Amino acid sequence: GAGPDGLTIAAELAAANYKIALVESGFVEKYNSIQNLNQGSLVTKYKTEIIKYNQLNEDRIRQYGGGSLIWGGMVAPLDSEDFTHRNWIPNSGWPISLVQLSKYYNKASNLLGIPYFDNISSRDESYLETKKFYYVDTNRFANKLKIISNHNNVRLFLGVTVKNIFSDTSNKSVAYIECVNSLSGCYRDWE
């Protein structure tokens with residue numbers, strides 16, 4: 001998608017001379033019928049309580065610019081406990097550690113235009129934890145939109161929802177993608 005993550009990754013890979021297909025379900029303008037494709041529920045269990053979350057179509061934006069159109073721009077580094085398994089949360093835990101991820105924080109900070117994450121969090125004697133949050137100017141993603149739109153290595157597909165991705169025989173690159181027109185529901189394959 002052409003939200004903050006997709007735009008950043010596409011810009012980085014295109015600058016490294018990779019050929020990129022950036023597929024966005026929405027268009028530059030918002031279409032309610034496309035946004036409604038996000039309708040659904042997330043059901044999870046916290047300890048013994050079942051929690052149902054019904055606002056997926058409000059938290060995810062199917063539009064060129066994606067989450068940058070609604071994101072307030074607040075970021076903070078993850079804490080080590082964010083990576084650990086919790087018995088009451090199925091499939092929790094990460095296959096990597098904070099130490100492994102933290103080596104990428106400097107690059108992420110540069111991409112976001114914020115100070116480098118150091119002194120991540122601290123506890124005082126009363127065990128009150130303080131955490132520093134940073135504000136990202138979400139307009140920086142509008143600039144990435146312009147860069148991506150004009151880059152020779154990037155093919156941008158708007159109004160297309162990916163159904164399947166098929167790799168080549170080496171499993172190192174995409175052979176083709178199976179797509180659905182976001183408005184009509186018609187299928188199409190791109191190589």
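A helix axis here is a line fitted to C-alpha atoms over the stretch in contact, and angles run from 0 to 180 degrees between N-to-C directions. With that in hand, let's look at this predicted model, starting with the chain as a whole and then turning to one helix pair.

The chain holds 6 helices and 11 strands. Its C-alpha trace spans about 60 × 40 × 40 Å along the principal axes. Of the 191 residues, 31% are buried. The accessible surface comes to about 13,000 Å², and carbon and sulfur atoms own 51% of that area.

Now for the helix pair. Two packed helices are described by the angle between their axes and the distance between the axes. For helix H1 (residues 4-15) and helix H6 (residues 139-150), the axes come within 10 Å and cross at roughly 50°. Angles from 65 to 115 degrees would count as roughly perpendicular and those under 35 degrees as roughly parallel, so H1 and H6 are oblique to each other. The crossing in which H1 passes H6 is left-handed.

Which residues make the contact between H1 and H6? The table sets them out by helix.

| Helix | Residues in the contact |
|---|---|
| H1 | Pro4, Leu7, Thr8, Ala10, Ala11 |
| H6 | Phe141, Lys144, Leu145, Ile148 |

By residue class, this contact of H1 with H6 divides into 7 nonpolar residues, 1 polar and 1 charged.

Methods:
Residues are numbered from 1 along each chain as its sequence is written. This is a predicted model: local features need pLDDT of at least 70, side-chain atom pairs count only at pLDDT 80 or more; totals for chains, interfaces and linings use all residues. Side-chain values use heavy atoms; hydrogens and water are left out. Helices (H or I, at least four residues) and strands (E, at least two) are DSSP runs, numbered from the N terminus. Angles under 35 degrees count as roughly parallel, over 145 as roughly antiparallel, 65 to 115 as roughly perpendicular and the rest as oblique. A crossing is left-handed if the near helix is turned anticlockwise from the far one by less than a right angle, and right-handed if clockwise. Contact means heavy atoms within 4.5 Å. Ala, Val, Leu, Ile, Met, Phe, Trp, Tyr, Cys and Pro count as nonpolar, Asp, Glu, Lys and Arg as charged, and the others, Gly among them, as polar. Buried means under 20% relative accessible area, exposed over 50%, partly exposed in between (1.4 Å probe, protein chains only). Accessible areas come from the Shrake-Rupley method with a 1.4 Å probe; for residues, only the protein chains shown count as cover.
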